[in-house]
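Subject: Structure handover, pocket, cavity and helix packing

Hello,

Here is the structure I said I would pass on. My notes on what was found in it come after.

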Amino acid sequence: QQSMELLERLGAVLSRLGRFQEAIEVWRRGIELAREQEDLEGLARLFALAARAAWEGGDPKRGLELAQEGMRAVAGAPDSAGLADLYHETARALFFNGERQQGTETVRTALRMAEQAGATRVQVEALISYGTFSDLPLVETTAQLERAAELAQSNRMLEQEGRARNNVSLVYGLGLGRFDRTHQQIGRALETARETGNLAMQVFYG
């Protein structure tokens, strides 16, 4: 019998290869195992992965459907890193489906929960989403994104750091006209891509 952990890893491999539908199907099997085992933490985490994969596969509507299905499945679950992850993916899905106000409320919950659970990756992701999508004043937007970048850098989360620094560089350039800060931030984003060997991101940030 396939373990939930094995299915989670297999889905992650398929997702990195761009085989998003197959990844979701694998995670669906993991979700059924989590239900049988009454593992709400695992259930939340798997639904978060599936929702993200649907969005990455170009179907934000399905991403929201999966996130909301997951939220219903774990209703009443205690706060945890997995639940924070699901709250964050639900928030992202809401933002990408035009539900900015609800998305902002949801990402704040994700951020609070991630901080309390010590889920640093989710905290960084939530800060990036909060700073990028929420209707915040530009100064607060830059503060949230810089906080995300610094937290990611201190924890060697290079992919997240690059994304945060790219996003804040746009705010500095397009929103505040601080082109010195723009060049500084995008330069560091490019460094992260080089450190990870991600050629696509090197081209994007370059």
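Predicted model: local features only at pLDDT ≥ 70, side-chain atom pairs only at ≥ 80, totals over all residues.

The largest pocket has a volume of about 1,200 Å³. Its lining is made up of 39 residues, and those closest to the centre are Arg 52, Glu 56, Glu 125, Glu 159 and Arg 163. Helix 3 gives the most, with seven residues. Sorted by class, the lining has 16 nonpolar, 11 polar and 12 charged residues.

The cavity

The structure holds one cavity of 30 Å³ or more. The space in the largest cavity comes to about 60 Å³. Its lining consists of Ala 51, Arg 52, Trp 55, Pro 60, Gly 63, Glu 89, Arg 92, Ala 93, Phe 96 and Asn 97. Helix 3, helix 4 (60-73) and helix 5 are the elements that give two or more residues to this lining. Here helix 5 gives the most, with four residues. The classes are five nonpolar, two polar and three charged residues.

Two packed helices are described by the angle between their axes and the distance between the axes.

Helix 3 with helix 5: the axes are 7 Å apart and the packing angle is about 25 degrees. That angle is under 35 degrees, so the two helices are roughly parallel to each other. Their crossing is left-handed. On the helix 3 side the contact is made by Glu 41, Ala 44, Arg 45, Phe 47, Ala 48, Ala 51, Arg 52 and Trp 55, and on the helix 5 side by Ala 81, Gly 82, Leu 83, Asp 85, Leu 86, His 88, Glu 89, Arg 92 and Phe 96. These residues divide into nine nonpolar, two polar and six charged.

Helix 3 with helix 4: the axes come within 7 Å and cross at roughly 170 degrees. Helix 3 and helix 4 are therefore roughly antiparallel to each other. Helix 3 makes this contact through Leu 40, Leu 43, Phe 47, Ala 50, Ala 51, Ala 54 and Trp 55, while helix 4 uses Pro 60, Arg 62, Gly 63, Leu 66, Ala 67, Glu 69, Gly 70 and Ala 73. By class there are 11 nonpolar, two polar and two charged residues in the contact.

Helix 4 with helix 5: the angle is about 145 degrees and the axes are 9 Å apart. The crossing is left-handed. From helix 4, the residues in contact are Pro 60, Gly 63, Leu 64, Ala 67, Gln 68, Gly 70 and Met 71; from helix 5, they are Leu 86, Tyr 87, Glu 89, Thr 90, Ala 93, Leu 94 and Phe 96. This contact has nine nonpolar, four polar and one charged residues.

Regards

Notes
Residues numbered from 1 in each chain as written. Heavy atoms only, no water. 1 Å grid on protein atoms, 1.4 Å probe; cavity = no way out; pocket = protein on both sides within 12 Å on 5 of 7 lines; lining within 4 Å. Points joined across faces, edges and corners; volume = space filled by probe spheres on them. Nonpolar A, V, L, I, M, F, W, Y, C, P; charged D, E, K, R; others polar. Axes fitted to C-alpha atoms, helices over the stretch in contact; angles between N-to-C directions. Parallel < 35°, antiparallel > 145°, perpendicular 65-115°, else oblique. Left-handed = near helix turned anticlockwise from the far one by under 90°. Contact = heavy atoms within 4.5 Å.
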